[in-house]
Amino acid sequence: MKSTKIDFVIQHIHEQIKNRSLVPGSRLPSVRALAGLLNLSISTIVEAYERLAAQGLIEAKTGSGFFVAGPIAPLSISEIHPKIDRNIDPLWISRQALEAKQGVLKPGCGWLPDDWMPHENIRKAIRKVSKANSSILTDYSTPLGLAPLRELLSRKILAKGIEAVPNQILLTDSGTQAIDLICRYFLKPNDVVLVDDPCYFNFHALLKVHQIQIIGVPYTQNGPDIEAFAEAIHKHNPRLYITNSGIHNPTGAVLTASKAYQVLKLVEQSNLIVIEDDIFADLELHTAPRLAALDGLSRVIHIGSFSKTLSGAVRTGYIATKPEWIEDLTDIKIATSFGGNNLSSEILFSALTDGSYRKYLDELKIDLAQAMDATVKKLEKMGITPWVKPQAGLFLWCELAEHFDTARIAQYCLEQGVILAPGNAFSQSQNFKNFIRFNVAQCQDPKVFEVLSHAIQQEIAHQNL
C-alpha cells in the first residue's frame, strides 16, 4: 500500500514538471506541506522525494529543501508515436512493435502476448535469487557465465544430439549478441554471408552493421534450395551461413534429415561456418534434425536463448561450439561487454529448474496448436493461404494474391492500430511482396481480422484504379 502511495507522489511531481507548473530551479513544497496537501504521511513524501532525487529530476539543497533539477524539458503535446510513414525495412516491424502503445495489436511481432507468459514462474525465480548471496545482485559474472546454467544447457542440447561439455558453452546477453560476437570473430568488411530467403528480418539488420555482403538462398518447405546453396558457395565463397534448423522463422518449416546432410556435405567442401539459431527449440512437438548434432560442432555453431518462452526482459543467450573458438569468443565478449548479465542468468536458471517450466511448455504447445488452427481457418476465409502448415511454433507464413502489396496493406493496418509483418521485410531478394508472417498467439483479438479484411478491400480498390 505504501509503495502505491509513493508512486502516486512521484507521478504527481512528474506531471507538474511535464506541464511546467514546476520548472528547473523551482522549490518543491516542503515535506510537511506536501504531506498535508495530499493527506499522506511524512515518511511517504520523504521516500518519494528521495526516489525523484535518485532519478535526477530533483535535487536536495542542505537547509533549503528540494528543487527541480536539470534543463527545461520540451513541452510534450502528446506521447511520441513510432513513425508510421517510415519505409518498411528490416527494422520496421521491430520498431513498430517495441514502441507500440497499449492497445495496439501486434500479429506481426515475434513474441508471445504478455498474458501467455509464465509470470509466476519468473516472480518465484526473482524472489529466490533476491534472497540468495548478495554478490549475485552486484558482481560481474565469470567470463563463460553461470556454471550451473551452462551445465543445464549442456544436458538440454544433448537431448537434441549436440554434444558440448559446459566449458564449450558461452553465455551471452541474448541470442542477438551471440550472433554479433560470432560475426565479430569471423567476419571482416566485404565478406559474404548466406541467409535463407526469407529469413528472420533482424539477421539482415545485424549483418549490415558488419559491412558485409548478404546473399539470400531460396528456402523450401524442407530446408534451403540445395542447387542455389551450392551455386552461392561456388560463386561467392561465403564465410558464414545463418539459419534456423528447428522451427524456421518466418516460414514455420522444418529442416529434413536428407536436406541437412546435403547442406553439411557442401559446407565440408567449402570455407563456410554455419550459425544454427535454435531460439524456438522449446516449442517443438517433435525434434527436428540439428546441423550441430550431425556435424559434431565442427563447422556448425549452435546458439539459442529463452526470450520466446520465458521472458524477453530476462536477457540470456548462449553459444555452443568447439573449445578453441569458445576461448576467442570469450575474449571478444569481455572486450565488448566485460562481465555478462549474472543476475539474469541466475533468474533464468531458477525459472528453468523449479519444476513448473515443463508443465508450462506442455500447456503452451496446446494453446499454440489451437491458435494455429483457428488462425488458419480465419485467414483462409479471406483468401489468405498458408505457404506451409507448421508442425509447431508461433508463425504462419501466408501468401496473398500475386498482385497484392502487403507493405501497403501493413501501412493501412498500422493506421488502425494493427502491426503486421509484410513479406519483403524478411527477404534479401524482395520476392515476397505478397506474403505476410502472422504470429498466431497474437491473433486472438477479432479486430485483427476486421482491420485486415478492410485493408484487403482497400488494396483491391487500389488495384482497380
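This is a predicted model: local features need pLDDT of at least 70, side-chain atom pairs count only at pLDDT 80 or more; totals for chains, interfaces and linings use all residues.
Visitor: What is the phi of Gln 211?
Guide: Most residues other than glycine have a negative phi. Gln 211 is not a glycine, and yet its phi is positive, at about 55°.

Visitor: Is Gln 211 buried or exposed?
Guide: The cut-off for an exposed residue is a relative accessible area over 50%. Gln 211 has a relative accessibility of 55%, and therefore this residue counts as exposed.

Visitor: Which loop holds Asn 190, and what is its phi?
Guide: Asn 190 is placed in the loop between helix H8 (175-186) and E4, and with 57% relative accessibility this residue counts as exposed. Asn 190 is a residue other than glycine with a positive phi, and the value is near 80°.

Visitor: What kind of peptide bond joins Asp 197 and Pro 198, and what is its omega?
Guide: Most peptide bonds are trans. Pro 198 is found in the loop between strand E4 (192-197) and helix H9 (201-209), and the bond that joins Asp 197 to Pro 198 is cis, with an omega of about 10°.

Visitor: Which residue is joined to Pro 250 by a cis peptide bond?
Guide: Pro 250 lies in the loop that runs between strand E7 (240-244) and helix H11 (257-268). The cis bond there has an omega of about 15°, and the residue it joins to Pro 250 is Asn 249.

Visitor: Is Ile 45 buried or exposed?
Guide: Ile 45 is part of helix H3, which covers residues 42-54, and, leaving aside residues up to four places away in sequence, it touches Val 9, Val 31, Leu 34, Ala 35, Leu 38 and Leu 40. A residue counts as buried when its relative accessible area is under 20%. The relative accessible area of Ile 45 is 0%, so this residue is buried.

Visitor: How is H8 oriented to H13?
Guide: H8 and helix H13 (residues 323-337) pack with their axes 10 Å apart and at an angle of about 110°. Angles of 65 to 115 degrees count as roughly perpendicular, and therefore H8 is, relative to H13, roughly perpendicular.

Visitor: How many nonpolar residues does the contact of H8 with H13 have?
Guide: Among the residues that meet are Leu 181 and Ile 182 in H8, and Trp 325 and Leu 329 in H13. By class, the contact has four charged residues, three polar ones and, as the nonpolar count, seven.

How values were computed
Residues are numbered from 1 along each chain as its sequence is written. Side-chain values use heavy atoms; hydrogens and water are left out. Helices (H or I, at least four residues) and strands (E, at least two) are DSSP runs, numbered from the N terminus. Buried means under 20% relative accessible area, exposed over 50%, partly exposed in between (1.4 Å probe, protein chains only). Contact means heavy atoms within 4.5 Å. Axes are lines fitted to C-alpha atoms, for helices over the stretch in contact, and angles run from 0 to 180 degrees between N-to-C directions. Angles under 35 degrees count as roughly parallel, over 145 as roughly antiparallel, 65 to 115 as roughly perpendicular and the rest as oblique. Ala, Val, Leu, Ile, Met, Phe, Trp, Tyr, Cys and Pro count as nonpolar, Asp, Glu, Lys and Arg as charged, and the others, Gly among them, as polar.
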